[in-house]
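Welcome, and thanks for taking a look at this one. Please open the model alongside the text and follow the sheet, the rings and the charged pairs in turn.

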Amino acid sequence: MDTTQQNTIYFAGGCLWGVQEFLKHLPGVISTEAGRANGTNDNTQGEYDGYAECVKVIFSTKVVSLNELIGFFFEIIDPYSINKQGDDVGPKYRTAIYSKSQDHLKVASNYISQRSDADKVVVGVEPLTNYVPSDPEHQDRLTNHPDDYCHIPLELLNKYKS
């Protein structure tokens, strides 16, 4: 595939199991990886270090725009909830969009500011300063263990599966 048409963005939307399962089936998504954004550690061992559970998404701009991808992401989050999605509570479950690209962050900020409820949206838009892949048992968790807990309703979780 033409890698010039590939982009990478990181979505934090509560428990990463469901977020990854939803995002991996979207049109234009090439690959996903469960991980941790903007913590201080370079591995998954040790105390909580301020990270947000996130999913790294590599996507094809020939198939899906970043704006469209953000729209899909907003389908599965409560954008008004601080540090809580479903039954998961705490700062690691905060909602945010991370990227190493300033252009991506501008697109995300513009997406939010153009919503009619923009003044209530608490989704962070931040530069990615650190990313650590999750341990193997968290990768594709709901594909491998479909009966595990997920905060996203099943009908929505499977909406784009073909």
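## The sheet

A quick word on terms: two strands count as paired if DSSP finds at least two bridges between them. In this predicted model, six strands make up an open sheet, and their order is β7-β6-β1-β3-β2-β8 with mixed pairing. The edges are formed by β7 (124–127) and β8 (131–133), each of which pairs on one side only. On average, neighbouring strands of the sheet are turned by 35° against each other, direction ignored.

## A helix across the strands

Helix α3 (residues 102–113) lies across β1 (6–13), β6 (95–99) and β7. Relative to β7, helix α3 runs at about 170°.

## Aromatic rings

Searching the whole structure turns up seven aromatic pairs. In one of them, the ring centres of F73 and F74 are 6.1 Å apart and the planes stand at 90°, so this pair is edge-to-face.

A charge meets a ring elsewhere: K120 lies over the face of Y80, at 5.9 Å from the ring centre.

## Salt bridges

The count of salt bridges comes to six. One of them links E21 and K161, whose closest N and O atoms are 2.9 Å apart. E21 sits in helix α1 (residues 16–23) and K161 in the segment after α5 (154–157), so this pair ties together parts that are 140 residues apart in sequence. E21 counts as buried at 3% relative accessibility, whereas K161 is partly exposed at 35%.

E53 and K92 form another salt bridge, at 4.0 Å from N to O. Here E53 belongs to strand β3 (residues 52–60) and K92 to the loop between β5 (88–89) and β6, so the pair connects parts 39 residues apart in sequence. E53 is buried, with a relative accessible area of 12%, while K92 is partly exposed at 24%.

D117 and R115 also meet through their side chains in a salt bridge, with 2.8 Å from N to O. D117 is buried, at 9% relative accessible area, and R115 is partly exposed, at 24%.

Note on methods. Residues numbered from 1 in each chain as written. Predicted model: local features only at pLDDT ≥ 70, side-chain atom pairs only at ≥ 80, totals over all residues. Heavy atoms only, no water. Helix = DSSP H or I, 4+ residues; strand = E, 2+ residues; numbered from the N terminus. Axes fitted to C-alpha atoms, helices over the stretch in contact; angles between N-to-C directions. Contact = heavy atoms within 4.5 Å. Phe/Tyr/Trp six-rings, centres within 6.5 Å; stacked < 30°, edge-to-face > 60°. Lys NZ or Arg CZ within 6 Å of the ring centre and 35° of its normal. Buried < 20%, exposed > 50% of the residue type's maximum accessible area, 1.4 Å probe, protein only.
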